[in-house]
Amino acid sequence: MMMRKYKAALALLLVAGMSMTSFGCDGKTESYKEMDSSVREEVASLAGEDDRLTGELENKTIKWLSDWDINPGTTAKSTPVDLAMFQERYGGKVEWISCTYAERYDKLANSINSDEGIDFFYGGNFDAFPKGAIRGMFVPADDYIDFESEAWKDIKEANDNIMWNGKHYMIVTQVTGDGCAVIYNRDTIEELGFDDPAELLEKDEWTWEAFKEMLEAFVDPENGKYGIDGWWFEGGLSATTGVPYIGLEGGKLVNNLSDPSVERVQNFMYDLYTSNAVAIGVGDYGWTAHPEYIGEGKLLFYPVGLWALYGGDLDTKDDDSRPDWMKQFGDNCFFVPMPRDPDADEHYIPTNMESYLFVAGGHNPEGVAKYLECKRVSMMNEEAIRIGNEAFVEDYQWSEEMIEMKKKMDEIALENPTFDFMNGVSTDLGKILDSNENGVRAAAKGKPWNESLATIKDAVDTMVEEANSAQ
């Protein structure tokens, strides 16, 4: 759920203006807001003058299969900058082939078999690659994208690090650090007598120790004071070691479950569990997440992707003008990246990648390449960045401090990117690892890591070896 919400939010950047109508591929129509005409003219001028965007397109439509639409929908704020560039520079259009999240791969397979010409698919959920390449559902993009070009050279290393069989299947347009942040209430931290985590981050003192020290001082289930809530903190903490459970090195998958860093973070999470710092299931907390407890001062930390601060899921019909995220987390909430592992060689945090895959049998790979080029340029062109930031502040009521913290997190992730492919090898492997019973979540639920490792290691080794031999 986290990645789906995050990706839908990426499609919401730019200033809203006049109303327009879009026709989905299922024949339905939906109204949405188009950007102000003067802003569109500015974007068109930027795209036309940027020499990183070259050539023309004969086939201007690219087909996109997903559970979310790149085009702005009824709940979108406006047209994203990259899409506007694609429209203005190339006359491009993204045709959305709608599906549910659960049926994505079945519908993709059927579309390939029936030659529907689906052109591209989202890769940032980390469950499409490398298994989609192994099964022949995706094809390399090397004939269509020049990673040495001005538009791509800044992200070339990240793309080169996840090649499969010597080719680029997963096309990364940007690396971000907003996959899992620690949301907290500044009033609660101040009442505890601790320095603000944002200040500790600035001094390079936001570490596991500081994180745990605050939890020990705050947690008191008998009096309604709880530590860590949410479904993302295990993966968020694990990423801080810089060692993925399943890595990709030299074009080969690597099983790192026996790595000392993995053992260290698993033991740390077990310690958090035994000290009642994990809120779910403790005392009267129950088994439902309560992000609203941050604002109420009952919960210390809520690690979650920053999509939770892009709007929120609250169906509010009152006259409160505050954004939904503020109603949920409170007026004085803020966020920082996951705390630094003191024994790691760098500050690693959960690394997201906005990435796409070219579908086998696609009818317009050239168009996809041009669209992704527009995405890259929208992230590099200073004026386009300015427009996007201004719109983000306006649309989501973020402060400049929040914008700067997100920028800091993106910088940390780009400096030390770590990608975990535990869900991208096979469905069976993903189920084994992403498990509360014997997988990588089990320690935070009270099971020692050495017991889980003994249960799953051989099976994981076999599945990784099978995937590598498929190249």
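**Reading burial, packing and pairing**

Guide: Start with one side chain. This model is predicted. Isoleucine 189 has 1% relative accessibility, so isoleucine 189 counts as buried.

Visitor: Where is isoleucine 189 found?
Guide: Isoleucine 189 is in helix H7, residues 186–192.

Visitor: Which residues does isoleucine 189 touch, not counting those up to four places away in sequence?
Guide: The list holds Tyr184, Phe194, Asp195, Asp196, Pro197, Met214, Leu300 and Phe301. Take methionine 214 as a case: 25 residues separate it from isoleucine 189 along the chain, and their C-alpha atoms are 8.1 Å apart.

Visitor: How do I put that in context for the whole protein?
Guide: The protein has 471 residues, and 56% of them are buried. Of the contacts with a separation of 6 or more, 76% join residues 24 or more positions apart. Count the elements too: 18 helices and 14 strands.

Visitor: How many residues of helix H3 are buried?
Guide: Eight of its 10 residues are buried, so H3 (residues 81–90) is largely enclosed by the rest of the structure. The buried set is Val81, Asp82, Leu83, Ala84, Met85, Phe86, Arg89 and Tyr90. Now look just past the helix: glycine 91 takes a positive phi of about 65°.

Visitor: Next, helix pairs. What do I read when two helices pack?
Guide: Read the angle, the distance and the residues that meet. For H9 (residues 208–218) and H11 (residues 260–274), the angle is about 10° and the axes are 12 Å apart. Angles under 35 degrees count as roughly parallel, and H9 and H11 are therefore roughly parallel to each other.

Visitor: Which residues of H9 and H11 meet?
Guide: H9 brings Trp208, Phe211, Lys212 and Leu215, and H11 brings Arg264, Val265, Phe268, Asp271 and Leu272. By class, this contact has six nonpolar, no polar and three charged residues.

Visitor: At what angle do helix H2 and helix H15 cross?
Guide: They cross at roughly 155°, and their axes come within 10 Å. H2 covers residues 37–49 and H15 covers residues 382–396. Angles over 145 degrees count as roughly antiparallel, and H2 and H15 are therefore roughly antiparallel to each other. Their crossing is left-handed.

Visitor: Which residues of H2 and H15 meet?
Guide: Val39, Glu42, Val43 and Leu46 in H2 meet Glu383, Ala384, Arg386 and Ile387 in H15. The classes here are five nonpolar, no polar and three charged.

Visitor: Now strands. What holds a sheet together?
Guide: Strands of a sheet pair through backbone hydrogen bonds, parallel or antiparallel. Here, find the open sheet of four strands, in the order S9-S12-S8-S13 with mixed pairing. Its edge strands are S9 (226–228) and S13 (333–337), each pairing on one side only. On average, neighbouring strands are turned by 25° against each other, direction ignored.

Visitor: In which sense do S9 and S12 pair?
Guide: They pair in the parallel sense, over two bridges, with S12 covering residues 299–304. Look for isoleucine 228: opposite it, in S12, stands phenylalanine 301. H16 (residues 400–415) lies across S8 (181–185) and S13, and runs at about 15° to S13.

Visitor: How many bridges join S10 to S11?
Guide: Four, and these strands run antiparallel. S10 is residues 246–249 and S11 is residues 252–255. Leucine 248 has leucine 253 in S11 as its bridge partner. The hairpin has two residues between its strands, and glycine 250 takes a positive phi near 60° there.

Visitor: Which residues have a positive phi although they are not glycines?
Guide: Take two cases. Asparagine 165 has a positive phi of about 55° and is in the loop between H6 (156–160) and S7 (171–176). Aspartate 204 has a positive phi of about 60° and is in the loop between H8 (197–202) and H9.

Visitor: And what about peptide bonds in loops?
Guide: Check omega. A cis peptide bond joins phenylalanine 129 and proline 130, with omega about 10°. Proline 130 lies in the loop between S5 and H5. Glycine 124 is in that loop too, between S5 (120–122) and H5 (131–134). At 0% relative accessibility, glycine 124 counts as buried.

How values were computed
Residues are numbered from 1 along each chain as its sequence is written. This is a predicted model: local features need pLDDT of at least 70, side-chain atom pairs count only at pLDDT 80 or more; totals for chains, interfaces and linings use all residues. Side-chain values use heavy atoms; hydrogens and water are left out. Axes are lines fitted to C-alpha atoms, for helices over the stretch in contact, and angles run from 0 to 180 degrees between N-to-C directions. Angles under 35 degrees count as roughly parallel, over 145 as roughly antiparallel, 65 to 115 as roughly perpendicular and the rest as oblique. Contact means heavy atoms within 4.5 Å. Ala, Val, Leu, Ile, Met, Phe, Trp, Tyr, Cys and Pro count as nonpolar, Asp, Glu, Lys and Arg as charged, and the others, Gly among them, as polar. Two strands pair if DSSP finds at least two bridges between them. Buried means under 20% relative accessible area, exposed over 50%, partly exposed in between (1.4 Å probe, protein chains only). A crossing is left-handed if the near helix is turned anticlockwise from the far one by less than a right angle, and right-handed if clockwise.
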